[in-house]
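Please walk through this fold with me. Keep the sequence and the coordinates open side by side.

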Amino acid sequence: MDGFVKFTSQSQGRDRIFRATQYACALSIYLLRNNAERKDLVAKLKSLETNMSAGRKLLRLGNTINSIEAAKRTMRLSDRVLCLCLTAANVNRALYFICDNVLWATSVGLIRDVDKERWSLNSSRCYFLSLVMSLTRDVYVVIQLMTERARDKSFRQKMETHLGESPEVAEAVVPQLDAFVFLLLESLRSHPAVAVDTLKNICDLFIPLHSLCLYQSNAGVLGFCGLMSSVIGIVTLVQPKFALKP
């Protein structure tokens, strides 16, 4: 209970609970869309989804400052690739939150004469670029891990043993491909935080891809990916060992 109270006391924790609820509603609406007997339930889920989305916009009002501060910290990283990727991701995330705040202020009547479509498009672009840079960081970290593992003598012996265990498979599969997949899976298994962050970013990527009409997905796919990403986000808050740093 103490852990739950601590989790919900954080703005990030509340946002991720709201986000999981929002996308769970979106997925449920998609699955129930053809069920005539569930029209009332679908209407209630749509209302809940809208309220969760509006609540999240309110919770994100201070996130622009957090992203700017995060960008300042990542600019000091000694690794130039990580510095570039994370700083660009944080800057684009800050711009995304600015657009999101403007859209929220417009929806509640604080700002008028705003082109909502343009600001929404810019918001999706910034979100997309932030995710691309985050995924680039993930790929870079995975390559580093694979390189380190490949230099390990004990791991090379383990790989040779693995490749020699199933000679019939080796004849059907390109040995180099089998070795690459084995190295990749072992690297991710030894550093689950990288695998978790990569999966989360891939799930999130479907949302701006759809908004920008770069890759169209149905509401069910978007709801599922958003729910998966939200659950992973909750796990990383509850279990910090699964959070990738920096």
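Buried means under 20% relative accessible area, exposed over 50%, and partly exposed in between, with a 1.4 Å probe and protein chains only. This is a predicted model, in which local features need pLDDT of at least 70, side-chain atom pairs count only at pLDDT 80 or more, and totals for chains, interfaces and linings use all residues. Residues are numbered from 1 along each chain as its sequence is written, and side-chain values use heavy atoms, with hydrogens and water left out.

Take the backbone first. Most residues other than glycine have a negative phi, and most peptide bonds are trans. Cys213 has a positive phi, near 60 degrees, and is not a glycine. Cys213 sits in the loop between helix 10 (192-211) and helix 11. Its relative accessible area is 60%, so Cys213 counts as exposed. Asp113 also has a positive phi, about 55 degrees, without being a glycine. The loop between helix 5 (80-107) and helix 6 (116-151) holds Asp113. At 84% relative accessible area, Asp113 is exposed. Helices here are DSSP runs (H or I, at least four residues), numbered from the N terminus.

One peptide bond also stands out. From Lys245 to Pro246 the bond is cis, with omega near 0 degrees. Pro246 belongs to the segment after helix 11 (219-238).

Now turn to helix 2. Residues 11-31 make up its 21 residues. From first C-alpha to last, helix 2 reaches 30 Å, close to the 30 Å expected. The expected span is 1.5 Å times one less than the number of residues. Buried residues in helix 2 include Asp15, Arg19, Gln22, Cys25 and Ile29. An α-helix has 3.6 residues a turn, so residues three or four places apart point the same way.

Next, the rings. A ring pair (Phe, Tyr or the six-membered ring of Trp) has centres within 6.5 Å; planes under 30 degrees apart are stacked, over 60 edge-to-face, and the rest tilted. The structure holds 3 aromatic pairs. Tyr96 and Phe97 form a tilted one, at 5.2 Å centre to centre and 50 degrees between planes. Tyr96 is buried at 15% relative accessible area, and Phe97 is buried at 9%. Phe206 and Tyr215 have ring centres 6.2 Å apart and planes at 70 degrees, so this pair is edge-to-face. Phe206 is partly exposed at 24%, and Tyr215 is partly exposed at 48%. Ring pairs also join Tyr96, Phe97 and Tyr127 into a cluster.

Methods:
Helices (H or I, at least four residues) and strands (E, at least two) are DSSP runs, numbered from the N terminus.
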